[in-house]
Amino acid sequence: LIFQMGCLCSKETIHINGTKYAVLERLDQGGFSLIDLVENSITKKKYALKRIICHGVEDEAIAMKEIEVCNQIKHENVIQIIEYMKEGAYNISHMYIILPYFKNGSLQRYLNTCAKTNDYMTETQILNIFVGICEGVKAFHGAKPPLAHRDLKTANICLTDSMHPVIIDLGSTTEARVKIQGQQDVQKLQDLANERCSIVYRPPELFSVQTLIHIDERTDIWSLGCVLYAMLYFSSPFDTVYERGDSVALAVLSGSNIIFPENTKYSQGLHNLILLMMRSNIMERPYIYNIIEKTNELITEIHNQI
């Protein structure tokens, strides 16, 4: 979200809580917001400005929820809000959110660059980034009540100058533990998933919501498995299905095995970690604490081999 460069043809300035920012470039435009690169007119420090257009009270509540989650989750691997301001009336208003700017962009952007030259990361590089992502996810899952991000993907992870991962775009975050008791609950969760969860990172239980089941924070664990797979092979396990125009839902729900490329340079331990996270039954997936433990074990194994 906070990175791809574009050009703004006219200079613009914006005041947020008394601080003047100069708008430099359009970074990205999503379905719910615009992202601009801005500069503090006094300190000259660069930030990302997220503008959310709210068409009514419900949109405002969604925007405020994202701000509240950011303020609740204080962790170095989770995006932090610098400041925010609301402007406008009830029928249409704007939320302005100042965020850190990551000039390295997203993990997706980094992987796209690597893919062009088949520049695969080492296992150590992958695991060091991945354990940071997991620590950020742990901050969500360890909240009271537990929260789930619900849209973890390589495009929603930024990289600092030192390749430190930071989870962004918390607009899909919600209370993790939900009991589906009837058709109304099914439809509500299905609609939210369709609107907010990226299709090639979405877990089986959010493609076909069933009644009388419990959904919990382990929806994120499946998505983490897709993220780790993409870190190895530059795309999610289901990207090719989507690109062919085939049904991603059918591929995910079929429970077919995740296929790894032949002649891979990566260890069976790394593949096993992906398979552990991508178990079709949510109740068979481990919690984030176990994933962090197993990731650290793999890091230790590599260090011991040196």
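Between them, domain 1 and domain 2 bury about 1400 Å², and 61% of that area lies on carbon and sulfur atoms. Please keep in mind that this is a predicted model. The domain assignment places domain 1 at residues 13-100 and domain 2 at residues 105-305. Their centres, taken over C-alpha atoms, are 26 Å apart. Domain 1 puts 14 residues into the contact, and domain 2 puts in 20.

Now the polar side of this interface. Seven residue pairs are in polar contact across it, with both residues at pLDDT 80 or more. On the domain 1 side that touches domain 2, helix α1, residues 57-72, gives the most, with six residues. Sorted by class, that side of domain 1 has seven nonpolar, three polar and four charged residues.

How many salt bridges are there between domain 1 and domain 2? The count is one. For the pair of Lys50 and Asp169, the side chains meet in a salt bridge at 3.5 Å, N to O.

Stay with Lys50 for a moment. The Lys50 side chain also meets that of Glu66 in a salt bridge, here at 2.7 Å, N to O. Where do these two residues sit? Glu66 is in helix α1, while Lys50 is in strand β4, residues 46-54. They are 16 residues apart, and the pair links distant parts of the chain. So that you have the total as well: the structure holds 14 salt bridges.

Strand β1, residues 12-16, pairs with strand β2, residues 19-29, in the antiparallel sense, over five bridges. Within that pairing, Glu12 stands opposite Val23 in β2. The hairpin of β1 and β2 has two residues between the strands, and Asn17 in this hairpin takes a positive phi near 55 degrees.

Strand β2 has a further partner, strand β3, residues 33-40. Which way do β2 and β3 run, parallel or antiparallel? They run antiparallel, and seven bridges join them. Here Asp28 stands opposite Ile35 in β3.

One general point for reading the strands on the screen. In a regular strand the side chains alternate between the two faces of the sheet.

Strand β2 pairs with β1 over five bridges and is joined to β3 by seven.

Notes: Residues are numbered from 1 along each chain as its sequence is written. This is a predicted model: local features need pLDDT of at least 70, side-chain atom pairs count only at pLDDT 80 or more; totals for chains, interfaces and linings use all residues. Side-chain values use heavy atoms; hydrogens and water are left out. Domain bounds come from an automatic or database domain assignment. Contact means heavy atoms within 4.5 Å. Buried area is the accessible area (1.4 Å probe) that two parts lose on being put together, summed over both. A salt bridge is a side-chain nitrogen of Lys or Arg within 4 Å of a carboxyl oxygen of Asp or Glu. A polar contact is a pair of N or O atoms within 3.5 Å; within protein, one must be able to donate a hydrogen and the other to accept it, and residues adjacent in sequence count only if both atoms are side-chain atoms. Helices (H or I, at least four residues) and strands (E, at least two) are DSSP runs, numbered from the N terminus. Ala, Val, Leu, Ile, Met, Phe, Trp, Tyr, Cys and Pro count as nonpolar, Asp, Glu, Lys and Arg as charged, and the others, Gly among them, as polar. Two strands pair if DSSP finds at least two bridges between them.
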